Amino acid sequence: MNVEERKTAATPSSQRQQLSLFARNFFKHPKMLGSIIPSSPFLIRRLLEPVDWERARVIVEYGPGVGTISREILRRMHPEAILVAIETNEEFVDYLRTALPDPRLQLVAGSAEDVAAILAERELSAADYVVAGIPFSTMPDGLRNGVLNATRDALAAHGELLIYQFSPKVLPDLERTYQRVRRGFEPLNIPPAQVYFCQP
């Protein structure tokens with residue numbers, strides 16, 4: 001295990017803390033989380049399958065929650081890459097500041113709709129990948145389309161939006177917004193998840 005892996009590895013006590021925090025916030029904000037437990041390793045593996053880790057230098061994550069996917073991104077990504085994690089829940093932001101002390105992680109308390117401004121503030125021109133598990137199906141139409149359009153505009157020409165959802169409701173919006181949309185499915189998750197890979 002290298003230095004970065006040690007930094008991002010979760011201990012049993014930190015895993016209990018993650019689950020407790022995640023479950024507590026699920027009951028407070030069920031429409032924001034969509035599931036009472038974090039993503040399974042099977043779902044994370046399938047979601048991140050398309051990433052070219054050698055090439056990727058700017059990765060954005062929407063709704064990192066307790067950092068289940070963030071940890072795996074940090075474990076895999078290039079030493080010179082940056083992960084910009086955008087989270088609306090202040091409790092999760094506070095937790096991640098302590099739980100993931102990786103200098104490549106830039107935490108932002110804000111909205112995914114502002115992704116272009118967030119990247120510009122950091123002098124980053126575009127994202128190679130945007131990874132998202134935020135529940136698009138429960139968002140108001142205007143916000144959902146605003147986030148999808150802002151994401152498309154924030155992606156590099158070769159970039160890709162990687163998302164998982166528990167409902168296929170977002171598919172027509174994805175197909176309207178992106179040139180190419182590929183679908184996948186991961187049964188080994190609670191609940192089973194739809195996976196979409198979208199190119200601008």
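## Burial and the model as a whole

A residue counts as buried when its relative accessible area is under 20%, and this cut-off is used throughout the account of the predicted model that follows. By this criterion, 50% of the 200 residues of the protein count as buried. The protein exposes about 9400 Å², and carbon and sulfur atoms supply 54% of that area.

The protein has nine helices and seven strands. Among the contacts in the protein with a separation of 6 or more, residues 24 or more positions apart account for 68%.

## Strand β2 and its partners

Strand β2 covers residues 82-87, and because five of its six residues are buried, β2 is largely enclosed by the rest of the structure. On one hand, β2 is joined by five bridges to strand β1, which spans residues 58-62, and these two strands run parallel. Within this pairing, Val58 has Ile82 of β2 as its bridge partner. To pass from β1 to β2, the chain goes through helix α5, made of residues 68-76, in a β-α-β crossover that is right-handed.

On the other hand, β2 is also joined by five bridges to strand β3, which spans residues 105-109, and here too the strands run parallel. In this second pairing, Val84 stands opposite Gln106 of β3. Helix α6, formed by residues 90-99, belongs together with β2 and β3 to a β-α-β unit that is right-handed.

## The loop residue Asn189

Asn189 is found in the loop between β6, which covers residues 180-186, and β7, which covers residues 193-199.

The side chain of Asn189 has polar atoms placed close to backbone atoms of two other residues, which can be taken in turn. A polar atom of this side chain lies 2.8 Å from the backbone nitrogen of Ser40, and the backbone oxygen of Pro191 likewise lies 2.8 Å from a polar atom of the Asn189 side chain.

Which residues does Asn189 contact once its neighbours within four places in sequence are left aside? They are Ser39, Ser40, Leu43 and Phe166.

Terms used. Residues numbered from 1 in each chain as written. Predicted model: local features only at pLDDT ≥ 70, side-chain atom pairs only at ≥ 80, totals over all residues. Heavy atoms only, no water. Helix = DSSP H or I, 4+ residues; strand = E, 2+ residues; numbered from the N terminus. Buried < 20%, exposed > 50% of the residue type's maximum accessible area, 1.4 Å probe, protein only. Contact = heavy atoms within 4.5 Å. Areas by Shrake-Rupley, 256 points an atom, 1.4 Å probe, with all protein chains shown as cover. Pairing = 2+ DSSP bridges. Right-handed = clockwise from strand over helix to strand, strands pointing away. Polar contact = N/O pair within 3.5 Å; in protein donor to acceptor, adjacent residues only side chain to side chain.
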